[in-house]
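Dear colleague,

Please find below the structure that I am handing over to you. A summary of the findings follows it.

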Amino acid sequence: MKSEKKSWDITSKERIIFSVIVMVGAFMAILDTTIVDVIVPKLTGPLASDMYGVQWIITSYMIAAAIALLITEYLIKRFGAKYIFISGVMLFSLFSLMCGMSNDLSFIIFARVFQGVGEALIMVTSHIMIFSYFPPKKQGLAMGIFGLGVSFAPALGPTIGGYLTEYYNWRMVFFINVPIGIILAISSMIFIPKDLKLKKINFNFFSFFWISVGTISILIMLSKGQERGWMNDSLIGLLFFTSIIGYLIYILSEMYSKHTLIDFSLFRNKDFTNGILIYFFILGFGMYQYFYLLPVYYEHIKMLPTLDAGISVFVFAVFIGIFSPIAGILSDKIGAKKVVLVATIVYVLTSIFILPTLNYYTPLVQAQLLTIPFGIGMGLFFAPVTVLLLQNAPKEKGELAIVLMDYVRFVGGSFGTALATNNMEYFKNINFLHMNELQNSSYVMQYIQNFQNYLGIPKELAIAIFGRYETFMSYNYGFSSVFSSASVWGVIGSVFTVALFVKFKSIPSTIKEKN
């Protein structure tokens with residue numbers, strides 16, 4: 001009897017071609033996220049808006065991608081990963097073109113929503129496809145190769161974004177996706193094989209609606225909380241309440257529905273549960289804070305131009321690229337758990353002892369060198385955690401495992417970014433107050449008088465300049481505390497890394513497998 005053909009029963013040449021196609025797709029989608037983060041502050045003039053308005057360019061994309069993730073498993077099983085990947089690429093490219101042609105804030109926000117949907121389709125399908133192209137003994141290498149693009153792209157974004165905006169204009173950030181997308185779509189149609197099996201499954205629209213309500217509410221709350229004063233604002237309070245109601249109704253729906261949206265039996269496997277929590281806390285709450293903070297440090301504390309700040313970020317990004325495939329190979333040889341442990345140790349030590357030492361007075365080259373261990377830890381992290389999760393999920397639930405990974409990445413990353421933003425303002429204010437408490441007012445006024453006489457400027461201007469200097473130094477000294485605060489989440493995440501090596505009894509299922 002002829003044995004059933006496996007998805008990895010392909011030639012080495014085919015494996016390389018397939019892997020390159022899906023990796024470029026994922027790289028393009030994630031790269032665009034961090035590139036746009038760089039250009040958003042520069043769009044207030046062209047789009048006739050303020051900073052709060054243009055922030056919706058990021059928020060709308062993030063919300064759309066998070067919601068689209070939740071329907072991706074159904075689409076893949078119904079239509080196949082190949083066609084959903086191609087659809088994602090075409091959607092992403094078409095609305096990238098629309099974004100680049102926009103002259104109006106509302107239109108670019110509209111286009112970003114569909115671009116976010118495209119990103120979600122690309123990420124889940126590319127992840128699951130590249131994993132399927134490698135036999136079980138080489139799946140660590142597969143995730144190492146994939147991680148090379150996925151982990152490298154966010155760090156490369158500021159460099160490319162800075163270059164395009166400095167030497168061309170902001171529209172090029174979107175237009176550059178169009179030719180890449182066209183080539184990817186054509187290549188995928190020609191080379192990517194069709195799925196071996198398709199499956200008709202039921203989709204729980206009621207559960208989907210309520211988890212969407214919860215997700216949208218919490219992401220908007222996190223995005224706008226700092227701007228509106230968190231719980232001092234009635235809208236933020238309403239969003240918080242709505243998110244709780246949305247998630248509660250979703251849970252009740254899952255408990256009593258015949259066909260669940262998410263199969264929670266996956267969490268009966270303690271390694272899968274710990275892997276998701278590691279991903280949520282270490283990547284989302286921790287690493288994403290540093291991805292957000294390091295460009296801010298270079299641009300606003302070290303006072304570098306956007307392109308130079310991007311180049312400085314690129315220094316540690318190189319090491320992400322180097323260590324991602326190494327981590328994948330090691331996962332195949334010594335096991336994913338051990339590599340996760342090494343990555344966690346490197347990251348936690350770096351976040352506690354190295355990154356908090358960065359400040360305005362740190363020489364630029366020294367600052368760049370001090371971020372390299374962070375790049376190494378990041379490079380070692382992605383592949384083994386992904387392998388750990390996919391190897392501890394049933395094969396038919398691989399798509400769901402990826403969806404859950406990307407979902408906690410979005411939500412955890414949103415929490416992490418909100419925390420970083422809030423902490424920057426909080427520690428700036430604390431340091432500003434401490435500086436004023438320690439100052440001798442008569443000495444300060446004498447210093448301002450001397451400064452005024454030396455430059456020959458009005459007293460009001462001299463006081464304003466001194467006030468700006470105080471604010472800058474408050475940010476400078478506060479950054480050390482912000483970096484230290486971000487390290488706490490790595491320590492929390494390390495608890496779940498240790499739990500990988502501790503034997504527990506199986507977690508009882510509260511929601512039966514119904515799909």
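A search of the whole structure finds 41 aromatic pairs, where rings of Phe, Tyr and Trp (its six-membered ring) pair if their centres lie within 6.5 Å, and planes under 30 degrees apart count as stacked, over 60 as edge-to-face and the rest as tilted. One of them joins Phe209 and Trp210 edge-to-face, at 5.1 Å centre to centre and 85 degrees between the planes. Another edge-to-face pair is Tyr360 with Tyr361, at 5.3 Å and 75 degrees.

The model is predicted: local features need pLDDT of at least 70 and side-chain atom pairs pLDDT 80 or more, while totals for chains, interfaces and linings use all residues. Residues are numbered from 1 along each chain as its sequence is written, and side-chain values use heavy atoms, without hydrogens and water.

Helix α18 (residues 459-499) has 41 residues and should span 60 Å at 1.5 Å a residue; its end C-alpha atoms are 62 Å apart, which agrees. The expected span is 1.5 Å times one less than the number of residues, and helices are DSSP runs (H or I, at least four residues) numbered from the N terminus.

Phe241 lies in helix α10 (residues 234-256) and is exposed, with a relative accessible area of 53%.

Yours sincerely

How values were computed
Helices (H or I, at least four residues) and strands (E, at least two) are DSSP runs, numbered from the N terminus. Buried means under 20% relative accessible area, exposed over 50%, partly exposed in between (1.4 Å probe, protein chains only).
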